[in-house]
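Please consult the sequence and the structure while working through each solution.

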Amino acid sequence: MKSLVIKDLHVNIGDREIIQGLSLEIECGKVHAIMGPNGSGKSTLSKVIAGHPDYTVTGGEVLMDGENILGMEPDERARKGIFLAFQYPMEVPGVTIANFLRAAVQARLPEGEELEATEYYYKLYEKMDLLEMNRAFTSRSVNEGFSGGEKKRCEILQMAMLEPKYAILDETDSGLDIDALKIVSHGVNVLRGPERGILLITHYQRLLDYIVPDYVHVMVAGKIVLSGGKELALELESKGYDWLTEEEPAAAV
Ligand code: ADP
Ligand code: MG
């Protein structure tokens with residue numbers, strides 16, 4: 001079966017171990033949610049999968065459809081189908097969303113193949129309609145002066161255009177009001193499908209009212225300490241994380 005497999009992953013920042021032996025399998029067609037207290041290493045996990053250079057993998061593997069991706073550069077991982085929506089997306093002043101996405105789509109084509117402008121805009125507008133986005137949005141500079149909700153919508157539009165095999169959404173809900181949360185959730189639900197595995201990272205249960213996951217995992221101090229179905233999110237909402245952290249104190253800072 002096609003899947004993104006994380007096997008006994010250990011990750012350091014400097015000489016501090018942040019991820020401490022984490023294993024998880026995200027199958028194509030499934031949505032896995034990771035919840036957990038702040039500082040447990042959720043963003044670290046997502047950045048390591050995407051290939052961020054600040055983090056040192058000291059052990060374990062990340063296999064995408066059987067192939068170890070840890071030795072690959074971030075752009076190679078992206079071309080192979082890994083997508084990360086950032087918790088804090090960056091501003092790219094002077095570059096419109098339309099041009100930014102066009103360069104990203106072009107970069108995924110085989111060498112020598114040129115993306116036709118008409119073909120590109122057809123696809124862009126098709127995806128925007130699907131996500132119920134206003135077309136004027138794409139003439140704005142990437143994330144410049146965007147509200148929290150607009151930044152997240154921009155990330156979802158990128159995901160729609162790049163059609164990744166495995167998408168990791170890091171706290172896509174943070175900073176969103178309820179209307180923006182509904183729009184973003186709608187986008188993710190539209191992009192769910194048998195050809196795509198999704199990892200949703202969230203601190204709050206609220207997002208999971210709108211995007212109902214197949215599996216829920218709790219991450220504490222760099223490890224998955226509990227896994228279950230969607231009902232686990234509700235349990236965490238009512239009980240908090242304390243009962244899970246008592247025997248597993250957060251990593252010393
Ligand atoms: P979460 O997303 O679960 O809140 P993070 O992965 O952001 O957790 O952080 C896990 C721990 O690693 C925290 O203690 C944080 O301070 C530390 N950390 C994360 N990124 C860096 C970095 N680039 N440099 C130093 N420490 C970092
Ligand atoms: Mg985080």
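Two exercises follow, each with a worked solution.

This is a predicted model, in which local features need pLDDT of at least 70, side-chain atom pairs count only at pLDDT 80 or more, and totals for chains, interfaces and linings use all residues. Residues are numbered from 1 along each chain as its sequence is written, chains are lettered from A and ligands numbered from 1 in the order in which they are written, and side-chain values use heavy atoms, without hydrogens and water.

**Exercise 1.** Determine the strand order of the open sheet and identify its edge strands.

*Solution.* Step 1: helices (H or I, at least four residues) and strands (E, at least two) are DSSP runs, numbered from the N terminus. Two strands pair if DSSP finds at least two bridges between them.
Step 1: the four strands are ordered S2-S1-S4-S5, with antiparallel pairing.
Step 2: S2 (16–27) and S5 (67–68) each pair on one side only, and are thus the edge strands.
Step 3: S4 (residues 56–64) is joined to S5 by two bridges; Leu63 has Asn68 as its bridge partner in S5.

**Exercise 2.** Describe the polar contacts of ligand 1, a polar contact being a pair of N or O atoms within 3.5 Å; within protein, one must be able to donate a hydrogen and the other to accept it, and residues adjacent in sequence count only if both atoms are side-chain atoms.

*Solution.* Step 1: a polar side-chain atom of Arg16 is 2.9 Å from a ligand 1 oxygen atom.
Step 1: Gly39 places a backbone N or O atom 2.7 Å from an oxygen atom of ligand 1.
Step 2: a side-chain N or O atom of Tyr55 lies 3.3 Å from a nitrogen atom of ligand 1.
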